[in-house]
Amino acid sequence: MTSRVELRNLRRTFGSTVALDDLDLTIESGELVALLGPSGCGKTTALSCVAGFERPDSGAILVNDKDITKVPANRRDAAMVFQSYSLFPHLTARDNVGFGMRIRKVAAAKRHSRAEELLELVGLPSVGDRYPHQLSGGQQQRVALARALAMEPSVLLLDEPLSALDAKVRVSLREEIRRLQIDLGVTTLFVTHDQEEALSMADRVAVLRGGRLEQVGTPDRIYEHPATAFVAEFIGSMNHIPGVIDGNRVAVLGQYLPIDGDIPAHSDVDVLVRPEAIRLRATDGGAGLVTRSSFRGATARLHVDLNGVELQADVPGHDAAVLAPGARVEVSLVERPALVTERTASFESN
Ligand code: ATP
């Protein structure tokens, strides 16, 4: 039932807008890949091409090595769930889920029992008789998911399915979708602009920029080792600290840290460091000054002025009291930098 999906050199333009610019991406069988990127980078267009709602201008889509680029949407083995729940308002939850089976002329009794099974699978065992307007947003989205699964698709396409839901429902549904996806082993392409959602759900995250693939990798790889300043900035918060290359180390904030890569010695560089990689120690003679603090529970995000460089650091929440605005601090880095870029290069990319 599962499939390997390949997007090869997909290009799609709308007038002078290039929505997809030679996009290459492979989703392995049973894998969940999150497509992440800023608004307009081509996420939905890529998904629509896989679903068959859009035709690429050039390039190909392969499923298990078979070219399906010209196969019409209704003959593709893919089901899509949209951001808006898109249920049929005049049908009950059970009939919504069974809709595809009705088209395929599955007998009513079988259709109903299968629909009930699927509703149970998505955690809604007793809403079969209800109409969409009698369901909450989260419940409607579960029904939409059950309806997609009823098609027994080998590829599941999810276009921001959680973004219309409130934060708590979003997190619980996120976990459930992932659990179901693993249980069913269905190859899934998941579009989101929410980086936390992408990192927490996906086997791999594909970051798109201007219709191209900027980086693809496991969530921790993308987070810990962003390939470019764009990825580093897009995912999580990032400090930019001036440094100088010295051999295979970088001198930054009076420390030497090891680096990967090949940057000529003595170059001025931008050292990209996550807020959680900065350690602060309160001390009267510290060169840093805490200027702002926002308490977040488990952690607090502090803003620190260090000789004119503005830093953001995350500290354990219970340290927030001693590191209040006005406190002097010593600043050090506890991890190797996420990325080191040459000064000129990073200014260009900004
Ligand atoms: P968002 O996160 O805002 O949904 P996205 O990454 O999904 O954005 P797409 O919807 O794929 O981006 O759009 C990519 C680009 O193509 C955008 O510039 C968009 O305006 C343009 N575009 C998409 N569909 C059409 C269309 N039918 N007609 C004209 N332009 C389009």
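Two strands pair if DSSP finds at least two bridges between them, and strands themselves are DSSP runs of E at least two residues long, while helices are runs of H or I of at least four, all numbered from the N terminus. With that in hand, here's a quick tour of a predicted model, where local features need pLDDT of at least 70, side-chain atom pairs count only at pLDDT 80 or more, and totals for chains, interfaces and linings use all residues. Residue numbers start from 1 along each chain as its sequence is written.

**Overall picture**

- The protein has nine helices and 20 strands.
- Taken along the principal axes, its C-alpha atoms fill a box of roughly 80 × 45 × 35 Å.
- Of the 350 residues, 39% are buried (20 or more other C-beta atoms within 10 Å of the residue's own; 12 or fewer makes a residue exposed, anything in between partly exposed, with C-beta atoms placed from the backbone).

- β3 covers residues 32-36, and because five of its five residues are buried, the strand is largely enclosed by the rest of the structure.
- Leu32, Ala34 and Leu36 point one way from β3, Val33 and Leu35 point the other way, and all are buried.
- One partner is β8 (residues 187-192), which runs parallel to β3 and is joined to it by five bridges.
- The other pairing to look at is with β9 (residues 204-209), again in the parallel sense, over four bridges.
- Leu35 is a handy place to look: its bridge partner in β8 is Val191, and in β9 it is Ala206.

**Helix packing**

- α2 (residues 93-103) packs on α3 (residues 108-121) at an angle of about 120°, with axes 9 Å apart; axes are lines fitted to C-alpha atoms, for helices over the stretch in contact, and angles run from 0 to 180 degrees between N-to-C directions.
- α2 and α3 are therefore oblique to each other (under 35 degrees is roughly parallel, over 145 roughly antiparallel, 65 to 115 roughly perpendicular, and the rest oblique).
- The α2 and α3 crossing is right-handed, that is, the near helix is turned clockwise from the far one by less than a right angle, with anticlockwise being left-handed.
- α3 also packs with α4 (residues 137-150), at about 130° and with axes 9 Å apart, so α3 is oblique to α4.
- The α3 and α4 crossing is right-handed.

**Two loop residues with positive phi**

- Most residues other than glycine have a negative phi.
- Lys105 has a positive phi, near 65°, and sits in the loop between α2 and α3.
- Lys105 is exposed, with 7 other C-beta atoms within 10 Å.
- Asn307 also has a positive phi, near 45°, and lies in the loop between β17 (299-306) and β18 (309-316).
- Asn307 counts as exposed, with 9 C-beta neighbours inside 10 Å.
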